[in-house]
Amino acid sequence: MDRRIQVDDLHDKSYVQPSFDGTMDLNKNDKKVTKTLVTNGCVDYKGYIADKQTTGGWKSSPFIIVNEVAERLAFFAVAVSMVTYLVSEMHQSLPDAATHVNDWIGAAYVLTLLGAFLADAYFGRFLTITIFSCIYFVGMILLTLSASIDSLRPPQCTKRPCTPSKNSQTYFLYGALYLIALGTGGIKPCVSTFGADQFDEADSKESQKKYAFFNWFFFAINMGALLGITLLVYVQQEKGWIWGFAVPTATMFASIVILIAGFTKYRYQKPMGSAFTRFIQVIMVSIRNHFRGVVVGNESELYEMKTKESDIFGARKLPHTKQYRFLDKAAVVTDPEILTNNKWRLCTVTQVEEFKSFIRILPIWASTIALSISFAQLSTFFLTQANIMDRNIGSHFTIPAGSVPVFAALNGLLLVPIYEKYIVPYLRSKTGYQRGITSLQRIGVGLFVSVFALMSSALVERMRRSHSDPKSLSVFWLFPQFFLIGTAEVFSYVGQLEFFYDEATDGTRSISSALFLSEIGIGSWLSSAIVKIVESATGGVEEGWIRNNLNKSKLDYFYWILTGINGVNLLVYLVVALRYKGKNYEGGTIQDESILIELDGQF
């Protein structure tokens with residue numbers, strides 16, 4: 001008889017969930033049998049509780065990491081080229097092209113909220129990644145067709161003003177781009193979380209490997225970006241737009257194949273239902289009980305399931321906390337007769353605490369959005385500067401403008417191994433914290449560096465514009481701003497990955513990851529808004545600070561505005577982070593080591 005346990009058996013009262021020592025009671029008559037099973041409810045591809053010896057960990061995560069390399073390669077190959085493509089092939093103005101690219105990137109990351117919702121509520125992470133990867137692939141095919149078929153582009157510009165693109169041509173291109181954005185939105189919130197699912201938090205060894213995974217996952221992003229902005233941009237420059245888009249299309253197909261290849265090795269979290277619906281239920285019941293005069297008394301009187309598992313399928317119970325006590329009214333039993341499964345009338349403590357955990361991270365999320373405005377410049381104005389500078393190396397090689405972000409990508413590739421190998425052990429010896437510094441501290445370092453990145457951008461652009469021959473100035477003058485932005489991203493991106501995953505509950509992991517990624521999209525939209533405001537307030541595209549001719553623009557003024565925004569944002573973040581109470585904060589006592597370090601003045 002097959003004694004392996006299926007996840008559905010956990011809701012049979014004769015079964016219990018795995019305990020935190022890796023054991024499981026098969027039923028009330030069985031002896032406790034030691035098994036190497038995960039404790040977080042993940043299953044293998046057959047639906048059995050996942051075994052650590054055959055699934056997850058570094059047996060499965062390489063497939064996810066390589067998949068991320070391939071997907072990011074395709075995305076960055078398109079992203080760094082799109083402003084040039086819109087200007088040269090679709091005959092758009094520079095400010096309009098930069099705005100459209102920012103809007104497109106913004107949509108890609110804000111749509112992560114949709115992907116997270118579908119993954120948590122219906123499909124699960126693996127299936128969501130697979131479905132949206134196919135949508136992404138279709139978008140890449142259409143983009144390649146846009147570059148291949150002459151009727152889908154306006155005629156070549158031989159004299160100005162150039163013939164503008166037709167609406168049908170523009171709509172076809174935007175349709176392709178927004179299919180790619182939709183695909184990205186479905187993939188991004190799930191892939192890092194799916195990777196983290198491969199490590200059991202209750203196992204101290206696997207838990208530590210999970211943090212290393214986050215660093216190597218970021219390494220994969222930078223490797224994909226590096227290949228996309230060097231190899232593929234070079235192909236694009238030498239072979240034309242058709243090959244420039246066809247190769248990343250093939251790469252996107254390869255990413256799907258690589259992901260599916262690890263099918264038997266993965267650990268899977270089954271869908272737990274819509275967290276957004278549960279949030280609304282808590283809000284509605286709290287408000288209803290408030291107006292009915294309900295008062296929260298002893299916390300022991302709050303409603304909770306009597307079983308070992310919570311009422312949220314696949315999620316562990318959460319202890320009550322004293323923050324946001326208004327929401328506790330949703331768990332007050334006002335009528336013993338309504339102890340039913342109607343969550344629109346009575347919520348459990350776990351459901352209320354799940355919503356509290358989500359609310360706690362919102363101030364951190366809001367106070368890091370400005371950082372994404374800085375990142376938005378990598379694929380727009382930073383590249384525009386590079387395009388009109390001297391990119392020659394010797395007399396035989398010219399660096400493609402789209403490859404200049406390699407200065408930032410290489411930073412990530414070099415800094416992650418150095419950080420893991422040398423910096424973390426050193427910091428650990430000084431702070432006593434396992435990861436050297438906490439995730440909030442790491443985000444703070446990234447915000448701090450971003451201020452100097454934009455300051456460097458302003459100074460270099462002022463120097464470039466004042467030069468007697470701006471076009472003769474070497475592109476390597478842009479190295480400081482790319483390097484510093486890359487450094488800021490290394491610290492902040494991985495810190496945010498760790499923070500938003502750790503502070504999420506079992507049922508909100510994908511949504512929490514999507515919330516983090518959505519700020520990249522919102523930052524891109526804000527960048528577009530700032531460009532439009534500056535353009536309008538300073539005289540328009542012909543006379544203002546940002547013109548079609550960058551040598552006649554005052555882009556350094558725009559960079560100083562972003563420097564000020566990042567400086568103010570850093571101060572706001574410090575206040576928010578120092579006041580932050582994590583999900584393990586209770587009654588004024590810090591139970592979580594990372595929070596203790598932050599409030600102990602180590603920030």
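How are H10 and H14 oriented to each other? In this predicted model, helix H10 (residues 369–376) packs against helix H14 (residues 479–502) at an angle of about 140 degrees, and their axes sit 11 Å apart. Angles over 145 degrees would count as roughly antiparallel and those from 65 to 115 as roughly perpendicular, so H10 and H14 come out as oblique to each other. As for handedness, the crossing of H10 past H14 is left-handed.

On the H10 side, the contact is made by Leu371, Ser374 and Phe375, while H14 brings in Ile485, Ala488, Glu489 and Ser492. Sorted by class, that makes 4 nonpolar, 2 polar and 1 charged residues where H10 meets H14.

Another spot worth a look is serine 527, which belongs to helix H15 (residues 509–537). Its relative accessibility is 0%, and since anything under 20% is taken as buried, serine 527 falls in the buried class. Setting aside neighbours within four places in sequence, serine 527 touches Asn102, Ile373, Ala376 and Gln377. Two of these contacts, Ile373 and Ala376, carry numbers that fall within the H10 range of 369–376.

Zooming out, the protein chain has 18 helices and 6 strands. Of its 603 residues, 57% are buried. Among contacts with a separation of 6 or more, 79% link residues 24 or more positions apart.

Conventions:
Residues numbered from 1 in each chain as written. Predicted model: local features only at pLDDT ≥ 70, side-chain atom pairs only at ≥ 80, totals over all residues. Heavy atoms only, no water. Axes fitted to C-alpha atoms, helices over the stretch in contact; angles between N-to-C directions. Helix = DSSP H or I, 4+ residues; strand = E, 2+ residues; numbered from the N terminus. Parallel < 35°, antiparallel > 145°, perpendicular 65-115°, else oblique. Left-handed = near helix turned anticlockwise from the far one by under 90°. Contact = heavy atoms within 4.5 Å. Nonpolar A, V, L, I, M, F, W, Y, C, P; charged D, E, K, R; others polar. Buried < 20%, exposed > 50% of the residue type's maximum accessible area, 1.4 Å probe, protein only.
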